[in-house]
There are 2 protein chains.
Amino acid sequence: MATRNLLGGMEGGGTKFVCAVGHGPEDLLDEIRFPTTSPDETLGRALDFFEKHRPRLAAIGLAPFGPLDLNPASPSFGAITATPKPGWAGTNVLAAFRARFDLPLAFDLDVNAAAFGEYTWVPENRGLDSLVYYTIGTGIGAGIILGGQIVHGLTHPEAGHISLPHDRARDPFPGSCPFHGDCFEGLANGPAIGARWGQPADRLPDEHPAWELEAEYIAHAVANTILMLSPQRIVLGGGVMKRLHLFPLIRRRVREILNGYVASPVIAGDMEEYIVPPALGGRAGVLGALALGRRALEEAR
Amino acid sequence: MATRNLLGGMEGGGTKFVCAVGHGPEDLLDEIRFPTTSPDETLGRALDFFEKHRPRLAAIGLAPFGPLDLNPASPSFGAITATPKPGWAGTNVLAAFRARFDLPLAFDLDVNAAAFGEYTWVPENRGLDSLVYYTIGTGIGAGIILGGQIVHGLTHPEAGHISLPHDRARDPFPGSCPFHGDCFEGLANGPAIGARWGQPADRLPDEHPAWELEAEYIAHAVANTILMLSPQRIVLGGGVMKRLHLFPLIRRRVREILNGYVASPVIAGDMEEYIVPPALGGRAGVLGALALGRRALEEAR
């Protein structure tokens with residue numbers, strides 16, 4: 001009989017799902033990626049993937065896109081709630097797995113898993129007490145680790161939707177967010193860049209003025225995060241942040257915005273090790289889900 | 001010989017100091033208030049107050065104005081750092097007490113103590129996991145409790161200085177903050193209200209348009225706090241918030257800004273028990289310092 005010690009992780013994004021089994025970043029036994037279609041088809045493929053590994057699986061971490069019901073006392077705990085994504089509102093991801101797997105199951109938001117993945121697996125982050133992970137792509141979200149724990153609060157943070165200064169003389173674009181117009185996501189997500197400049201963000205060259213403006217909004221959000229939480233590291237991931245030339249622009253602007261106010265040698269320095277891309281790249285989410293699975297296993301023992 | 005079971009608390013504000021001894025809000029044996037003058041004179045008066053109670057004192061919580069060095073590994077741990085207040089930069093408050101009292105001493109920021117005071121002593125807050133306390137007066141600051149703990153991070157939060165939307169067509173006032181101009185504090189502290197309208201805030205009647213604009217900025221800061229942290233309660237204290245007619249204006253505007261995005265019955269409701277004045281009134285800070293003293297005593301045992 002096989003030893004039951006494999007961890008499973010599922011990152012369920014709005015565009016694609018990534019599932020993996022293994023023990024960590026250097027030790028993945030199997031991995032699969034597929035597009036997000038209907039809930040039945042998508043969750044079916046995920047369940048089938050883990051089914052293959054059933055005899056050795058010890059726990060699974062599930063990290064779908066939100067908003068999620070993360071309240072264990074709620075009747076819809078485990079469900080995706082008010083998403084505009086057709087067919088997905090009300091889908092109970094956790095229940096679908098509970099019906100098939102009698103194992104410790106963890107459940108959290110995709111971006112919380114990404115934050116937890118960077119926090120858990122990246123050697124440079126060991127010993128830190130706090131870390132904030134922003135994903136900046138089609139949507140914008142943040143996972144926040146404080147005191148070594150993922151912050152949940154009343155629901156879960158939605159830091160992608162904070163209000164920021166918006167100088168309409170410099171940038172008349174009204175914002176792309178259907179809820180808030182020119183919130184952070186409305187001003188700075190991938191579709192906002194495309195709509196503002198009339199071409200997809202990934203076609204805009206590095207020297208295009210789009211990026212200076214993009215860095216302006218991201219820097220204000222990062223500076224607000226520093227002022228509100230004073231985290232020990234800020235990781236910026238997601239599709240937009242693949243444009244690595246944004247990092248020096250953001251760091252410079254954060255320094256200008258804070259203007260010497262936060263008395264920390266980390267902030268006073270070049271911030272090259274403070275505002276960073278994800279060390280796990282596109283695998284932060286699925287590896288974070290794996291780490292959540294491991295934590296659920298430890299808690300169950 | 002007297003029993004050593006008295007707790008001491010000191011709230012050291014930029015304008016006045018409040019010191020008390022006792023066991024809690026309903027059981028204060030002695031209390032003193034005096035203006036903040038030079039460090040020697042002011043700390044001298046505080047030390048003398050506690051000296052009177054020395055035989056029965058078991059612990060003291062110290063909560064001066066910031067910015068503070070809160071890092072126990074730092075050589076200047078316990079000091080007020082880069083304050084513009086003449087004479088106070090570099091004053092080590094904790095060291096002054098260590099030299100006189102061989103007791104468990106707690107040390108934290110005044111607004112953190114106020115948050116901890118509301119969290120610890122107010123029956124309605126019992127069982128909560130998270131609470132944010134804003135003081136809105138001459139300065140603006142926030143104390144954040146998450147997972148029952150005061151958030152510190154890299155230094156300590158400075159949420160009074162976050163960037164907010166500022167519509168210069170509606171409000172041409174450039175902001176009063178010497179570091180950031182039109183940050184939250186620069187737009188919404190007491191001096192900003194006075195400078196914008198040409199008369200002190202406390203002379204402006206409730207129906208003056210100043211308050212609608214004030215509520216606008218506070219509501220954006222509160223909404224950003226909800227989006228970033230999703231806390232279970234938000235307490236708004238300080239001199240400006242003594243104008244209680246601000247509360248309904250703020251709650252209404254927070255609801256408009258969030259626009260149904262945060263899926264929580266608390267946010268969807270009237271928020272009358274969510275965005276609240278401090279139950280301890282002007283004593284939140286000193287009673288929080290007392291609670292910090294009690295915690296230091298428990299940790300020392």
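User: In this predicted model, how many bridges join strand β2 of chain A to strand β3 of chain A, and do the strands run parallel or antiparallel?

Analyst: Strand β2 of chain A covers residues 16–24 and strand β3 of chain A covers residues 27–35; the two run antiparallel and are joined by eight bridges.

User: How many residues lie between β2(A) and β3(A) in the hairpin?

Analyst: Two residues lie between β2(A) and β3(A) in that hairpin.

User: Turning to the two chains, what is the area buried between chain A and chain B?

Analyst: The size of an interface is often given as the accessible area lost when the parts come together. Here the area buried between chain A and chain B is about 3400 Å², with carbon and sulfur atoms giving 66% of it. On the side of chain A, the residues that lose the most area to chain B are A:Leu154, A:Met228 and A:Tyr261, which together account for 24% of what that side buries. Each chain brings 39 residues to the contact.

User: Which element of chain A gives the most to the side that touches chain B?

Analyst: That element is α6(A), with six residues, and β7 (140–146), α7 (246–258) and α8 (265–268) of chain A are among those that each supply at least two. By class, this side of chain A has 23 nonpolar, 15 polar and one charged residues.

Key
Residues are numbered from 1 along each chain as its sequence is written. Chains are lettered from A and ligands numbered from 1 in the order in which they are written. This is a predicted model: local features need pLDDT of at least 70, side-chain atom pairs count only at pLDDT 80 or more; totals for chains, interfaces and linings use all residues. Side-chain values use heavy atoms; hydrogens and water are left out. Contact means heavy atoms within 4.5 Å. Buried area is the accessible area (1.4 Å probe) that two parts lose on being put together, summed over both. Helices (H or I, at least four residues) and strands (E, at least two) are DSSP runs, numbered from the N terminus. Ala, Val, Leu, Ile, Met, Phe, Trp, Tyr, Cys and Pro count as nonpolar, Asp, Glu, Lys and Arg as charged, and the others, Gly among them, as polar. Two strands pair if DSSP finds at least two bridges between them.
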